[in-house]
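My notes follow the structure.

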Amino acid sequence: MTNRQKEDKLMDSLSNPTENHSEAISNLINKTIKSNHKVYLATDWHLWKRKEKGKSECTRCKNFEEILKNVNGTVTPDDLLIFMGDFVDGEFKDKEALKDVLLGIPCKKVMVRGNNDLFEPSFYKSCGIEYCVQSFVWSDIL
């Protein structure tokens, strides 16, 4: 399956979600806030980017170390990071490298998949992400 086909399949699943974890994610957000911990939102890190348009080889983004230093120096184990998509470019294939990075982020994690997040949800869960969803609703916010 090509990346374009994977992206099309992902976009189709946005229209037809099979799982809705809104209640569980809302409970997690509310519990985090009530216990005086923080909820962070992040998006579009693209930690590994395509080297050339039309090619599948990827390399670390130029601010890779800065992004990880900032996030790892900010969050605590009781905080919640909601990631709004695109950890990497869609051509990226090195699951173990991504897994090492995500497991190193010391907090609870929820992921709303972006168009470049083409790995199976089970992979993201193996990276310490509690919920990997297409969308969720919290306090009337989609």
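These entries record the conventions, then each item in turn.

Conventions. I worked from a predicted model, where local features need pLDDT of at least 70, side-chain atom pairs count only at pLDDT 80 or more, and totals for chains, interfaces and linings use all residues. Residues are numbered from 1 along each chain as its sequence is written, and side-chain values use heavy atoms, without hydrogens and water.

Sheet. I looked up the strands (DSSP runs of E, at least two residues, numbered from the N terminus) and their pairing (at least two DSSP bridges between two strands). I found an open sheet of 4 strands, ordered E1-E4-E5-E6, with parallel pairing. E1 is joined to E4 (residues 80-83) by 4 bridges; Ala42 has Phe83 of E4 as its bridge partner.

Salt bridges. I counted 3 (a side-chain nitrogen of Lys or Arg within 4 Å of a carboxyl oxygen of Asp or Glu). Glu91 and Arg50 meet at 3.2 Å, N to O. Glu91 is in the loop between E4 and helix H4 (95-103; a DSSP run of H or I, at least four residues) and Arg50 in strand E2 (residues 48-50), so this pair ties together parts 41 residues apart in sequence. I then checked accessibility (relative area under 20% is buried, over 50% exposed, in between partly exposed; 1.4 Å probe, protein chains only). Glu91 is buried at 15%, while Arg50 is partly exposed at 33%. Glu65 and Arg60 form another bridge, at 2.9 Å between the closest N and O atoms; Glu65 is exposed at 52%.
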